[in-house]
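Welcome to my notebook. Here is the model I opened today, with my entries below it.

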Amino acid sequence: MGRWMALEGTEAVAYAMKQIAPDVVAAYPITPQTGIVQTFAQFVADGEVPTEFIQAESEHSALSACVGAAAAGARAMTATSSQGLALMWEILPIAAAMRLPIVMPVVNRALSAPINIHCDHSDSMGARDTGWIQIYSENAQEAYDNTLQAVRIAEHPQVRLPVMVMQDGFITSHAVERVWVEDDDAVRAFLGTYQPACTLLNFERPLTFGALDFYDYYFEHKRHQVEAMRRAKDAILEVAEDFARRFGRRYGLFETYQLEDAEVAVVVLSSTAGTARVAVDNLRRMGWRVGLLKPRVYRPFPDHEIIAALRHLRAIGVMDRAIAFGALENGGPLWLDLLAAAHRHGLHIPIADYVFGLGGRDITPSEIEGIFADLMQIADRGAVTRPVTYVGVRGELPLPSPAEWSLWIPEATMAGD
């Protein structure tokens, strides 16, 4: 039997790592991720887990050590945030292209400059196209559960790709929550024994990793990565189904809330989904038909499934905690992906972007209610006039308040559930 524990988000991930008992963990501390490797290092020092713990001199070296360990057939893990993830940049696509099932928790933190230690998603969003699977967590329980599932996903024989598991810096990483921690034996049974497809230490079948690859074969190797990422979607659902069967907590590619009869909805990652649920409940009590979609899996992007879930809406608001500088309207990456998916699947409804929370700035239920009020106006007009709104920024045009909007909102829109 498992047990309830009061854990910070970083501690929840460290407990998952303890139960995974990877062969190698190489790490370098960086705020706000430090709690993960600090707690896990204590487990190693106390003899509670037989992992080889490598204290690297940088994040670049930490991931490089994981690449070497994984190539030798070991279960390898590390963890990082922000500039640490940026320092790993050279090695991220190497780990993916060499098809190494490394699992890396990432505690989201803003990229410098200016120096900022608080949450936004600029670090992991900047790494979204390096070939890693990306899974986002709303709270400590999801961070624990997603870390366990990430091992199975990464090692799946149809995938063999590295996985990042995200949680929001300080907001969930340092907040104490009640987390259900499964029994060690049950986790080991779920994970199984790692059987690497190939290893440098198999002298009966010598292999070369990371060799020079000219134009004669490089393209084909990239195409193989595309197929692995495509197959990852089914593998994620397969692992989630087994997780639900064993432990009773069900996961998918995304989660919806009050979406079935909604007229407008927001799409938002990670911890802000909890704040958005409060806003949805507040407006539902006023008779507004509003809803929420929280992506769990961002890479591979589940375009077909998300568009199918949103197709009945009159307007969609995407909430981005990052900016894709120089891209369309300087909006956020989640918005850009959703726009592309809508075009690809013939969804012709207004989709607006709301960039928020950079550098850890709070987003309140009332501000999200303002986003819903703006979406109601967009739905009424049938068009987006301001594609990107920077929520809560000094000097920006304010969003309408639900109280003001409800004075003249069409009666049909205000109808109760």
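Which residues does Val 25 touch, not counting residues up to four places away in sequence? I looked them up in this predicted model, and Val 25 touches Met 17, Phe 40, Thr 51, Glu 52, Phe 53, Ile 54 and Met 77.

**Entry: around Val 25.** I placed Val 25 in strand S2, residues 24-27. Its relative accessible area is 1%, under the 20% cut-off, so I noted Val 25 as buried. I also checked how far Val 25 is from Glu 404, which is 379 residues apart from it along the chain: their C-alpha atoms are separated by 54 Å.

**Entry: helix H13.** I tested the length of H13, residues 365-381. At 1.5 Å a residue its 17 residues should span 24 Å, and its end C-alpha atoms are 24 Å apart, which agrees. I found H13 mostly covered, with twelve of its 17 residues buried; among them are Ile 368, Phe 372, Leu 375 and Ile 378. Just after H13, I saw that Gly 382 takes a positive phi of about 80 degrees.

**Entry: rings.** I found ten aromatic pairs in the structure. Phe 214 and Tyr 215 form a tilted one, 6.1 Å centre to centre with 35 degrees between the planes, and both residues are exposed. The ring centres of Tyr 298 and Phe 301 are 5.9 Å apart and their planes stand at 85 degrees, so I listed that pair as edge-to-face. Both Tyr 298 and Phe 301 are buried. Phe 190, Phe 243, Phe 247 and Tyr 251 form one aromatic cluster.

**Entry: charges over rings.** I saw the charged end of Arg 152 over the ring of Phe 190, 4.7 Å from its centre. Arg 277 lies over the face of Tyr 257, at 5.9 Å from the ring centre.

Definitions and conventions:
Residues numbered from 1 in each chain as written. Predicted model: local features only at pLDDT ≥ 70, side-chain atom pairs only at ≥ 80, totals over all residues. Heavy atoms only, no water. Helix = DSSP H or I, 4+ residues; strand = E, 2+ residues; numbered from the N terminus. Expected span 1.5 Å × (residues − 1). Buried < 20%, exposed > 50% of the residue type's maximum accessible area, 1.4 Å probe, protein only. Contact = heavy atoms within 4.5 Å. Phe/Tyr/Trp six-rings, centres within 6.5 Å; stacked < 30°, edge-to-face > 60°. Lys NZ or Arg CZ within 6 Å of the ring centre and 35° of its normal.
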